[in-house]
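I opened this model today to look up a few spots, and my notes follow. Have a look at it alongside me.

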Amino acid sequence: MLLAAVALLPWLSGTDPALTVLRARSADADPTPAQLAAVRDELGLDQGPLAHLLHWLGGLPRGDAGTSWVSGEAVLPQVSAAFAVSFTLMLGALVVTVAVAALVSARTLYLGSRRRLGQRRAGTAAAVLAALPKFLLASLLATVCGVWLGWFPSSGWEGPASMVLPSLALGIPSGAMIGGLVEQSLPAAFQEPWARAWHAFGFPRGLVARTALRRVVAGVLPQLLPTVVALVGGAVAVEKIFNVPGLGRLALDSAVAQDLPPLQTATLVLVLLGVAAGLLLQLLRRVLLGPALRSGGLSALPPAPLPRSRSTRGLAAACATALLALVVAGLLRDPLRVDTAARLLSPSLTHPLGTDSLGRDLLARLGHGALRTAGVAFAVTAVSAVLGLLLGMTGRVSAGLTEVVSTLPAVLAGLLTTAVTGPSVWGAACAVCLVGWTPYAAQTAALLEEERAGGHTLASISLGAGRAHLLRRHHLPAVLPALVRNALLRLPTTVLVLASLGFLGLGEQPPTPEWGRLLSENQPYVELAPWTVLAPAGALVLLSVLAVSVSGVLSPREAWDAPGPSGRR
């Protein structure tokens, strides 16, 4: 179905495929009817999408993926070379992801193994790092470490040194997100009966820490699937900034030019990668959980009964106050007033956050874009989480669908959606919802599998508990807390994905002052006028920290006081 949808892209877009291909070949703005007819005849466009799809599929068993409509070169060597680059970059980014996740969760792991976890942490460090826009981080790394200091190449793909900066740009935010999930789950693992018993009997602290980490990582592993695929096919902005000839960039360029053969081949490679990664992660998860998953001695981690820290409430209040002040102050100013004499002014009393490349006041644009940015992001996150919850509860029925859809980059989903709805903020929102539910579905399925294998669940079933009782008393309480934390931690990512779609002309259109778009349109000026990107980036960090802090403040007291698996209510 995915390949069929990709094959329909030129016909869904409402534009003549021959015109798009001809412009991609020669940049001719006004081709003649004879030229268009020649292109249609050359490519066989009059045969329709089905004939092209069948012809392309028929050549795959022979190792023939067709030829590019634009360049006329064989597709398979292009895609193979791009995949080799992206796969190498993915491995480097995964190393950074694991390292950052380990740093984020190291303190909680150390204190938990010594029974010294006194209060719940707010997760501020993880929230700040996860909120860093990858394309902004890439620009900063390229400028500082590549151009100013000359430590690593800032452009091109010439050897191992070329992958360092792109790997950091991709891996730091991803590692912070994964590490935040691990950090928030570890206290519950240390409160399980086995951990208390091992501590009482004097088991080595290192063994307790490794076992708790193994217990938690098994539940977080499903989140790595969309992360892995995003590092290969969704790293378009980072690949463009560092001029990396990767698979995501090839897929985007082919989609924009409506060059079907390389686009279909790149999509197929991403699907196969997603399926292979999904099977590997499932196998690794079962190895980590061991026989407990089959013996009924396992359940999903309940929330840990740790007291809330006052600093968490204070941090949430401070972030909310700062964002409210930003919105109120910005609403009092005109976000669309252009003053070419005041271009790229630094912060001052007249313009507290400075001005952009057109002389527009950044405070005004941030204030007016706040409600739209947060509202759309919250709506997309909520819809994605609910869809993921519903589909994840079907278990193996949706497992294959989750693995396949998770391979679809949001940019490609945006192109498919825009072809039907036209460029708009709601079209971009639909595109993100189309692929954004997969992390939540994978997490829900993993947690439910553990919960259904628990002894208390099996005992309830033997006592005649129906599906409604199991859902209300066991399944939802085991899934919802972790799902909400995951959704709040991914909220800034949703804002940035919507921004990338707007930057490509698929989402919010100028001059609408949306935060993500402010980052995108001011990114070229990060070296000349850094305040143009620091202001929206800071607002995103505040929003991220607020979301994570609120997740701790609003956690229901009864959930934290609930007994463990042996006496679950």
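I started with Ser167, which counts as buried because its relative accessibility is 3% (buried is under 20% relative accessible area, exposed over 50%, partly exposed in between, with a 1.4 Å probe and protein chains only). This is a predicted model, where local features need pLDDT of at least 70, side-chain atom pairs count only at pLDDT 80 or more, and totals for chains, interfaces and linings use all residues. Residues are numbered from 1 along each chain as its sequence is written, and side-chain values use heavy atoms, with hydrogens and water left out.

I found Ser167 in helix α9 (helices are DSSP runs of H or I, at least four residues, numbered from the N terminus). A polar atom of the Ser167 side chain lies 2.5 Å from the backbone oxygen of Met163. Not counting residues up to four places away in sequence, I see Ser167 touching Leu89, Gly92, Ala93 and Val96 (contact means heavy atoms within 4.5 Å).

**Cores**

Next I checked the largest nonpolar core, where Phe242, Trp515 and Leu519 touch the most other members among 76 residues (a core is a set of buried Ala, Val, Leu, Ile, Met, Phe, Trp, Tyr and Cys residues joined through side-chain atoms within 4.5 Å). Helix α9 (residues 164-190) gives this core its largest share, 12 residues. Another core of 50 residues lies apart from it, including Leu252 and Trp437.

**Val147**

Last, I looked up Val147, which sits in helix α8 (residues 134-148). Val147 counts as exposed because its relative accessibility is 52%.

Notes:
Helices (H or I, at least four residues) and strands (E, at least two) are DSSP runs, numbered from the N terminus. A polar contact is a pair of N or O atoms within 3.5 Å; within protein, one must be able to donate a hydrogen and the other to accept it, and residues adjacent in sequence count only if both atoms are side-chain atoms.
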